[in-house]
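Walk through this structure with me.

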Amino acid sequence: MRTRDTLFVQDGRLKIGGCDAGELARRYGTPLYVMDEAYIRRMCRSFTEAFKQESLAGGVIFASKAFSCLAMYHIVAGEGLGADLGSGGELYTAHKAGFPMEKVFFHGSNKTPAELRMALDFGVGHIVVDSLSELQLLCAICAEMNKRAHILLRMNPGIEAETHAYIRTASTDSKFGMAFDGEGMEALRLAIREESVVLDGLHCHIGSQIFDMEAFLRATEIMSDMFVRVRETFGLSLGILDLGGGFGIRYVDGDCPTEPSECVRVIGAHLRKVFAARGLSTPALILEPGRSIVGEAGVTLYTVGVVKDIPGVRRYVSIDGGMGDNPRYALYKARYETVVVDRADEKPAGPITLAGKCCESGDLIGVDMPLQEARRGDVVAVFSTGAYNYSMASNYNRNPRPAVVLVRGGESAVMVERESFDDLCARDRIPEWLK
Ligand code: LLP
């Protein structure tokens with residue numbers, strides 16, 4: 001684990017946000033997602049202050065697909081960030097939280113007509129149009145609603161960023177965005193001609209959990225070439241470059257993330273340089289971090305049940321959660337670190353495989369992880385689970401989704417209630433003919 005002032009071990013006990021992890025588990029039950037507010041705010045500030053320091057126009061928007069709930073939008077709004085919203089559900093939640101809609105960039109590779117109408121109704125600042133087909137749909141909807149939408153076009157820079165193939169988004173073969181030559185050009189032509197949309201800039205997102213800053217710099221160059229082509233072809237100087245998110249975080253030893261402030265500084269400097277070299281003024285820069293804001297803020301607490309040794313093979317430590325609350329091993333062979341929360345200072349007893357309780361062999365949190373001797377009833381913590389865990393949780397095997405608790409300076413409060421068995425059946429209906 002990477003310790004910090006709000007996450008450390010004291011007398012063998014894990015403390016997060018001034019709270020004792022074991023006590024949180026007893027008070028709220030397990031599995032439990034715990035989110036460290038101070039860390040979230042620190043990451044937000046690391047991004048926003050770097051923008052100020054570097055005098056960069058534009059700003060930071062939180063990619064809320066990483067973690068979305070009403071309280072999170074309060075934190076994000078309080079820190080002055082905008083939001084990247086990627087569905088009707090995220091739009092609804094942010095709107096309900098009173099999030100400033102003019103700071104929203106509405107994303108998605110296949111937005112439905114209903115979602116586009118909702119975005120226009122709520123008055124989102126920008127819609128990031130993913131395809132020509134979507135642009136045509138949006139123009140028709142704008143005309144019907146008598147609205148004008150400010151848009152960015154999502155271009156595909158054709159970069160193979162070094163990350164898991166499932167979270168790489170800008171290779172040529174991708175469902176996201178447009179190739180500049182071809183669909184992109186057609187969309188530009190239409191966007192410039194159409195009265196119902198105002199084209200403010202271009203967007204790209206090269207993938208997620210990326211450590212290599214070079215990939216972002218390459219994307220900046222490729223996108224700046226597109227700005228040049230737009231000016232040459234249409235005589236238009238675009239004002240916004242949205243470079244997406246994707247900054248990596250630390251899950252295990254060997255993961256070496258760059259501080260958000262440093263990411264902004266490096267990208268900002270390169271942006272200035274490459275645009276100046278092309279005779280263009282520097283556009284406003286938008287960054288869309290998700291994981292790097294909430295990932296390391298989250299810790300999941302589980303209670304150990306079965307411990308099973310298969311001599312010469314492996315030791316399974318089974319917990320009361322699993323792929324339902326954290327599908328990332330199943331999806332990406334993601335790696336994590338774990339400790340027994342009340343004996344975190346003891347030496348690990350040897351590698352174990354942390355297994356979930358779903359009826360699925362691939363339901364694991366991690367394989368061959370060091371862990372202290374774990375027994376039935378122990379509470380274990382899994383680190384760096386703040387991003388893409390709660391937001392990707394499911395009810396597989398009809399397991400209720402865990403609660404999310406926010407901790408701050410020794411206080412704790414529920415952000416999302418634990419689902420009950422009644423919740424699981426609340427929307428079930430029995431067709432008359434079965435009765
Ligand atoms: N902007 C756009 C357009 C995106 O699609 C994403 C993430 C982000 C920003 C934020 O990326 P981040 O800073 O969080 O890396 N479920 C996967 C990650 C999927 C990322 C989807 N898009 C995982 O658990 O690793």
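D130 is buried, because its relative accessible area is 2%, and buried means under 20%, exposed over 50%, partly exposed in between, with a 1.4 Å probe and protein chains only. R154 is buried too, with a relative accessible area of 7%. R154 forms a salt bridge with D130, and the closest N and O atoms are 3.9 Å apart. A salt bridge here is a side-chain nitrogen of Lys or Arg within 4 Å of a carboxyl oxygen of Asp or Glu. This pair links distant parts of the chain: R154 sits in strand β9 (residues 149–154), D130 in the loop between β8 (126–129) and α6, 24 residues apart. Helices (H or I, at least four residues) and strands (E, at least two) are DSSP runs, numbered from the N terminus.

A word on the source. This is a predicted model, in which local features need pLDDT of at least 70 and side-chain atom pairs count only at pLDDT 80 or more, while totals for chains, interfaces and linings use all residues. Residues are numbered from 1 along each chain as its sequence is written, and side-chain values use heavy atoms, with hydrogens and water left out.

How many salt bridges does a search of the whole structure find? The search gives 28. Side chains of opposite charge can pair when their charged atoms come close. R117 counts as partly exposed at 31% relative accessibility. E144 is exposed, at 52%.

D309 and R315 also meet through their side chains in a salt bridge (2.9 Å, N to O). D309 is partly exposed at 46% relative accessibility. R315 is partly exposed as well, with 21%. Elsewhere, E37, R41, R45, E79, R408 and E411 are linked in a network of salt bridges.

Now the ligand. Which residues come nearest to the ligand? Of the 19 residues around it, they are S208, E288, R291, R328 and Y388. Being near means that a heavy atom of the residue lies within 4 Å. The shell divides into 6 nonpolar, 7 polar and 6 charged residues. In this scheme Ala, Val, Leu, Ile, Met, Phe, Trp, Tyr, Cys and Pro count as nonpolar, Asp, Glu, Lys and Arg as charged, and the others, Gly among them, as polar.

A polar side-chain atom of D84 lies 3.2 Å from a ligand nitrogen. A polar backbone atom of G290 is 2.9 Å from a ligand oxygen. A polar side-chain atom of R328 lies 2.6 Å from an oxygen atom of the ligand. Taken alone the ligand exposes 580 Å², and the protein buries 92% of that. Accessible areas come from the Shrake-Rupley method with a 1.4 Å probe; for residues, only the protein chains shown count as cover.

Finish at the surface. W433 is in the segment after α12 (421–425). At 73% relative accessibility, W433 counts as exposed. I430, W433 and L434 make a nonpolar surface patch of about 440 Å². Patches are made of residues with over 30% relative accessible area and no salt bridge; like charges are joined within 9 Å, nonpolar side chains (Val, Leu, Ile, Met, Phe, Trp, Tyr) within 5 Å.

Methods:
Polar contact = N/O pair within 3.5 Å; in protein donor to acceptor, adjacent residues only side chain to side chain.
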